[in-house]
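Good morning. Please have a look at the chain on the screen, and then I will go through it.

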Amino acid sequence: MYKRQVRHLYEDRERQLWVATDGSISRYEPKNRQFVHYSIVDSTRRYNANWAYHLFEDREGKLWIATCLGGIFVVDKQNLMRSSGGPYMAEKTYSIHNGLSGMFINQLIPDREGECMGIAVQQCQ
């Protein structure tokens, strides 16, 4: 695995294992028994999904990634898995520039329909 500080383990609807770490996110590939690392950035490349804290998949197959210092990243899971190395640009991001009160999001809470209902925000220390 890319980094050792694991923050969250998540099994998606297709039973794939995703890991949020201090080095972005990774997905376990059982065929070759290795983790695939993903580097995710916003459209400006100012923010990234390094220091990922939490993951969940909504009903549309989008992965939501909570981070410290990067806010929230929303990526199309299938497009991300098809990407070929290098930074992947998130389809949507949330930050202090478009509504978040802080940039340290340590948990995403889905509602019963599988949409993001709540978030937990903290200040980075």
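A contact here means heavy atoms within 4.5 Å. Among contacts in the protein between residues at least 6 apart in sequence, 43% join residues at least 24 apart. This is a predicted model, where local features need pLDDT of at least 70, side-chain atom pairs count only at pLDDT 80 or more, and totals for chains, interfaces and linings use all residues. Residues are numbered from 1 along each chain as its sequence is written, and side-chain values use heavy atoms, with hydrogens and water left out.

Now the elements. The protein has 1 helix and 12 strands; these are DSSP runs numbered from the N terminus, helices being H or I of at least four residues and strands E of at least two.

Strands E2 (17–21) and E3 (24–29) pair over 4 bridges. Val-19 has Ser-26 in E3 as its bridge partner.

Next, the inside. Of 125 residues, 43% count as buried, meaning under 20% relative accessible area with a 1.4 Å probe, protein chains only. The largest nonpolar core has 26 residues; such a core is a set of buried Ala, Val, Leu, Ile, Met, Phe, Trp, Tyr and Cys residues joined through side-chain atoms within 4.5 Å. Residues with the most contacts inside this core include Trp-18, Ile-25 and Ile-65.

Terms used
Pairing = 2+ DSSP bridges. Buried < 20%, exposed > 50% of the residue type's maximum accessible area, 1.4 Å probe, protein only.
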